[in-house]
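Hi everyone, thanks for making time today.

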Amino acid sequence: MTSNAAHPQTLALHAGYRADPATGSVAVPIYQTTSYQFQSTEHASNLFALKELGNIYTRIMNPTCAVLEDRITALEGGSGALAVASGQAASAISLQNLARVGDNVVSSTDLYGGTWNLFANTLKDQGIEVRFVDPADPEAFARATDDRTRAYYAETLPNPKLQVFPIAEVAAIGRSFGIPLIVDNTAAPLLCRPFDHGAAVIVYSTTKYIGGHGTSIGGLIVDGGNFPWAEFPERQPALNTPDPSYHGAVWVEAVEPIGPVAYIIKARTTLQRDLGAAFSPFNAFQVIQGLETLPLRIFEHSRNAAAVADFLSSHPAVDTVIYPGLQDGEVRRRADTYLSGGYGGLVGFELTGGRGAGRAFIDALELFYHVANIGDARSLAIHPATTTHSQLSPEDQQLTGVSDGYVRLSVGIEHIDDILADLGRALDRATGASLAAE
């Protein structure tokens, strides 16, 4: 990129790429290849020894994926990024990059159901304990910390609870211990810049708003380059002790000539290399197309969601509306502090008729799609208690913000009149079905 543009609308179109050097192609090519020709045996040896950076194998890196990585790095103000196969892979690798068997992580309770299950069960089976605390009290993170705590984890705009996380408060607590805050910013790209508030690592499911069109699964891990890993050798041994994967390399020392990228280089050259959660070049191309229009879409999502929240809050069949713009007190203060330009495209609400009314409402929708995704350009709806959070116990569902009657909407960019008309029809039908059942 030849200019010094800093605005997201420009960066989303231009950062990390100008034209293909071989053909002059303005559109990012799909480099659908597994392997790359080495210039010589010395060149190959240098690449494998990390003496120079370059393409080795698409399981580890790919030119199409690299454009996506560079573009999101520019948008977030980070030092580097790694594209992986899914948002779930991004969440897992972000923690596995720091925590080993016997270590622990302190996480917010306010999580997407798949992440909760990953943390509570799968990582536990791998020897990494995840301790869940209520983010309403940031000091709870400090109380749950011990000598083997390696990271804090949270979602900016938790799905489905929709209470914005206290990023700066918890990041400051973590830094006093030498612990980085990892923030899943999937539901709030461009609306929130977690690095500006002290977060050390950002993860994304690009499947959602960044891609925006429901075509391609993917994930991203972004290194802020702002965490002093070398100052905490005992707290962060994964980056400060010899790694047998690379002949005893100490990552904070090995990458020093490149820049503050120890965290993301280790993630790429150890976990991505060994676990193989590779981002497809074709999917990267698709996500790049979505990213180019994200600065337009995310604010339209937010405008439509605000109108939906107002509509639902005045409907007699709705008990409660869960939406940052309707909150008050401390949770509203956090929403206004960390979100800029809108409160996101997600709206939750609880129907007076409970689980039966929630299911009847979902079945009565015509415009909204009944799918497990969020962040599509089209409007989506789901009943989390019987789907995305059904694997959690009733107690854990309540901790994440899911009740029997809770319905989650991912409001799209259709005309708002059409969105409200579909919601009104479905609410009327669900109310009638609930009354008939009584």
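Before we start, a word on how I sort residues: Ala, Val, Leu, Ile, Met, Phe, Trp, Tyr, Cys and Pro count as nonpolar, Asp, Glu, Lys and Arg as charged, and the others, Gly among them, as polar. Please also keep in mind that this is a predicted model.

How many cavities of 30 Å³ or more does the structure hold? The count is 1, and the largest cavity has about 60 Å³ of space in it. Its lining is made up of T58, R59, I60, M61, N62, C65, E69, L82, A83, R268, Q272 and F279. Sorted into classes, the lining residues come out as 6 nonpolar, 3 polar and 3 charged. Three elements each give at least two residues to that lining: α3 (63-76), β1 (80-84) and α10 (262-275).

Next stop, strand β6, which covers residues 201-205. Is this strand largely enclosed or largely open? Buried here means under 20% relative accessible area. By that cut-off 5 of the 5 residues of β6 are buried, so the strand is largely enclosed by the rest of the structure. In a regular strand the side chains alternate between the two faces of the sheet. In β6 you can follow this by eye: V201, V203 and S205 point one way, while I202 and Y204 point the other way.

Now for the partners of β6. Strand β5, residues 181-184, runs parallel to β6 and is joined to it by 3 bridges. On that side, I182 stands opposite V201. Strand β7, residues 219-223, pairs with β6 in the antiparallel sense, over 5 bridges.

Let me move on to another serine, S410, in strand β12 (residues 406-410). S410 has a relative accessible area of 1%, so it counts as buried. A polar atom of the S410 side chain lies 2.9 Å from the backbone nitrogen of G375. What else is S410 in contact with, leaving aside its neighbours within four places in sequence? The list includes Y209, G345, L346 and F368, along with I374, G375 and D376. R378, S379 and L380 are in contact with S410 too.

V331, in helix α12 (residues 329-338), is 166 residues from F165 in sequence, yet their C-alpha atoms are 8.4 Å apart in space. V331 has a relative accessibility of 18%, so it counts as buried.

I'll finish with some backbone geometry. Most residues other than glycine have a negative phi, and most peptide bonds are trans. Against that background, look at the loop between β4 (149-155) and α7 (167-177), where P160 sits. The bond joining N159 and P160 is a cis peptide bond, with omega about 20°. L162 is found in the loop between β4 and α7 as well, and L162 has a positive phi of about 60° although it is not a glycine.

H247 also has a positive phi, near 55°, and its place is in the loop between α8 (237-240) and α9 (251-254). Which of these two residues is buried and which is exposed? L162 is buried, at 1% relative accessible area, whereas H247 is exposed, at 84%.

That's my tour, and I'm happy to take questions.

Notes
Residues are numbered from 1 along each chain as its sequence is written. This is a predicted model: local features need pLDDT of at least 70, side-chain atom pairs count only at pLDDT 80 or more; totals for chains, interfaces and linings use all residues. Side-chain values use heavy atoms; hydrogens and water are left out. Buried means under 20% relative accessible area, exposed over 50%, partly exposed in between (1.4 Å probe, protein chains only). Helices (H or I, at least four residues) and strands (E, at least two) are DSSP runs, numbered from the N terminus. Two strands pair if DSSP finds at least two bridges between them. On a 1 Å grid over the protein atoms alone, a cavity is a set of points where a 1.4 Å probe fits but cannot get out, and a pocket is an open set with protein on both sides within 12 Å along at least five of seven lines; lining residues have an atom within 4 Å of a point. Grid points are joined across faces, edges and corners, and a volume is the space filled by probe spheres set on the points. A polar contact is a pair of N or O atoms within 3.5 Å; within protein, one must be able to donate a hydrogen and the other to accept it, and residues adjacent in sequence count only if both atoms are side-chain atoms. Contact means heavy atoms within 4.5 Å.
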